[in-house]
Number of protein chains: 2
Amino acid sequence: MKLLEERIRRDGKIGKGNVLKVDSFLNHQMDVPFLCELGKEFYRLFKDEGITKVLTIEASGIGIAALTAQYFGVPVLFAKKTPTNNISGDVYRAEVYSYTHERTYTIYVAKDFLLPGDKVLIVDDFLAKGSALFALLELVYCAGASVAGAGIAIEKAYQEGGSKVRAAGIRVESLARIASMDEAGGVQFVDEE
Amino acid sequence: MKLLEERIRRDGKIGKGNVLKVDSFLNHQMDVPFLCELGKEFYRLFKDEGITKVLTIEASGIGIAALTAQYFGVPVLFAKKTPTNNISGDVYRAEVYSYTHERTYTIYVAKDFLLPGDKVLIVDDFLAKGSALFALLELVYCAGASVAGAGIAIEKAYQEGGSKVRAAGIRVESLARIASMDEAGGVQFVDEE
């Protein structure tokens with residue numbers, strides 16, 4: 001999606017350790033009118049899939065998931081990273097290894113809100129090594145629900161997450177796929193190679 | 001707002017310790033079309049205030065903040081609860097005491113995204129003792145920005161947060177104000193007293 005590629009090139013910053021910072025528009029400050037355009041694109045891509053629920057993970061996935069879900073007219077369920085008394089009843093659990101924070105954590109969703117009849121679209125801001133996405137898929141399978149696919153804003157296509165998830169038969173639609181990046185040369189996208 | 005009061009009465013659950021669980025539509029599963037109606041109401045209430053930014057706190061405020069901000073056509077900035085390398089540069093900090101988790105934590109926003117010229121609408125899902133809201137106000141004042149007010153979905157009006165913030169001269173618009181609640185009698189709202 002050219003709109004997102006241009007925005008990454010304009011406002012993304014490549015920090016130490018080759019971390020792409022998009023905190024000015026995606027995951028700290030959120031440019032909401034812009035994210036609505038990404039949501040419309042996810043709707044265009046998945047509108048014929050009979051989506052009943054959008055699933056994401058706190059915190060930075062929630063904004064784009066909510067703005068996307070409104071075009072489908074369906075609820076968002078966000079997996080929580082800490083057990084909380086805000087969730088009532090039984091939960092499904094899955095483990096995520098965070099390469100950013102170098103630790104494993106558990107994510108939770110209440111069983112009441114993920115049902116065998118659900119057709120789930122997973123939405124998240126980033127896909128890199130795929131740990132969070134595989135954990136979200138696990139939650140869906142635990143519930144006996146089905147997955148229509150994953151709508152990802154930014155895929156780091158030089159990491160293995162996207163190809164692993166696609167190899168598992170899951171449709172992954174990433175609006176920007178980064179082929180490579182470095183502080184000197186900036187960002188190259190897959191479709192520009 | 002009758003729409004929200006009716007929804008709380010229908011789907012809210014009062015758990016042990018008089019915790020109101022609204023995880024079926026507000027802060028775990030989010031009924032996005034419904035939250036859009038809350039967002040439109042915040043827009044109606046604050047549309048003449050020259051809002052330039054919506055400020056909230058992760059994680060459960062993000063969805064309603066994003067859906068609200070789209071009617072204003074402005075960005076959302078969400079305060080983070082953990083320092084992260086997703087945020088570049090200097091930050092403003094404030095302390096929040098969580099009565100739910102019985103501990104104090106620090107919230108952060110990047111200085112780059114909260115500016116002296118900003119007119120801020122704070123949006124959050126709950127207002128009870130006011131600790132999170134005062135911390136968000138502190139971030140705004142640290143930045144030299146101004147506050148148009150706070151748009152709250154559910155205020156526990158029997159706790160002191162709302163009256164303390166209003167006494168400080170801040171406009172607080174809560175879409176449902178709970179006067180009292182208990183497992184036997186259910187929920188009573190302020191305008192029903």
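# Close-up views of a two-chain predicted model

**View 1. Chains A and B as two copies.** A rotation of 180° with 0.0 Å of shift along its axis brings chain A onto chain B, with an RMSD of 0.0 Å; the superposition is by least squares on the C-alpha atoms of residues with pLDDT of at least 70 in both copies. The two copies are thus related as by a two-fold rotation axis. The same surface serves both copies, as 100% of the contact residues of chain A recur in chain B; here two residues are in contact if their C-beta atoms, placed from the backbone, lie within 7 Å. A note for all views: this is a predicted model, in which local features need pLDDT of at least 70 and side-chain atom pairs count only at pLDDT 80 or more, while totals for chains, interfaces and linings use all residues. Residues are numbered from 1 along each chain as its sequence is written, and chains are lettered from A and ligands numbered from 1 in the order in which they are written.

**View 2. The side of chain A that touches chain B.** Chain A and chain B bring 36 residues each to the contact. On the chain A side, E1 (13-15), E2 (19-21), E3, H2, H3 and E5 (76-79) each supply at least two residues; helices (H or I, at least four residues) and strands (E, at least two) are DSSP runs, numbered from the N terminus. H3(A) gives the largest share of this side, 6 residues. By class, the side of chain A that touches chain B holds 18 nonpolar, 12 polar and 6 charged residues, where Ala, Val, Leu, Ile, Met, Phe, Trp, Tyr, Cys and Pro count as nonpolar, Asp, Glu, Lys and Arg as charged, and the others, Gly among them, as polar.

**View 3. Helix H3 of chain A against helix H3 of chain B.** Look here for H3(A) (residues 60-72) packing on H3(B) (residues 61-72) at an angle of about 55°, with the axes 8 Å apart. Axes are lines fitted to C-alpha atoms, for helices over the stretch in contact, and angles run from 0 to 180 degrees between N-to-C directions. H3(A) and H3(B) are therefore oblique to each other (under 35 degrees counts as roughly parallel, over 145 as roughly antiparallel, 65 to 115 as roughly perpendicular and the rest as oblique). Their crossing is right-handed, the term for a near helix turned clockwise from the far one by less than a right angle, with anticlockwise being left-handed. Ile62(A), Gly63(A), Ala66(A), Leu67(A) and Gln70(A) meet Ile62(B), Gly63(B), Ala66(B), Leu67(B) and Gln70(B). This contact of H3(A) with H3(B) has 6 nonpolar, 4 polar and no charged residues.

**View 4. Helices H2 and H3 within chain A.** The axes of H2(A) (residues 32-46) and H3(A) come within 8 Å and cross at roughly 50°. H2(A) and H3(A) are therefore oblique to each other, and H2(A) passes H3(A) in a right-handed crossing. From H2(A), residues including Leu35(A), Leu38(A), Phe42(A) and Tyr43(A) face partners in H3(A), among them Ile64(A), Leu67(A), Tyr71(A) and Phe72(A). The contact of H2(A) with H3(A) divides into 10 nonpolar, 3 polar and 1 charged residues.

View 5. Follow the open sheet of 7 strands in the order E3(A)-E5(B)-E4(B)-E8(B)-E9(B)-E10(B)-E11(B), with mixed pairing; two strands pair if DSSP finds at least two bridges between them. E3(A) (29-30) and E11(B) (186-189) stand at the edges, each with a single partner strand, so one side of each is left without a neighbour in the sheet. E3(A) joins E5(B) in the antiparallel sense over 2 bridges, and Met30(A) stands opposite Val76(B). E8(B) (residues 119-127) and E9(B) (residues 146-156) run parallel, joined by 8 bridges, with Asp124(B) partnered by Ile152(B) in E9(B). H3(B) packs on the sheet, touching E3(A) and E4, E5, E8 and E9 of chain B, and its direction makes about 175° with that of E4(B).

View 6. In chain A, a cis peptide bond joins Glu58(A) and Ala59(A), with omega about -5°. Ala59(A) lies in the loop between E4(A) (53-57) and H3(A). In chain B, the bond from Glu58(B) to Ala59(B) is cis, with omega near 0°, and Ala59(B) is in the loop between E4 and H3 of chain B.
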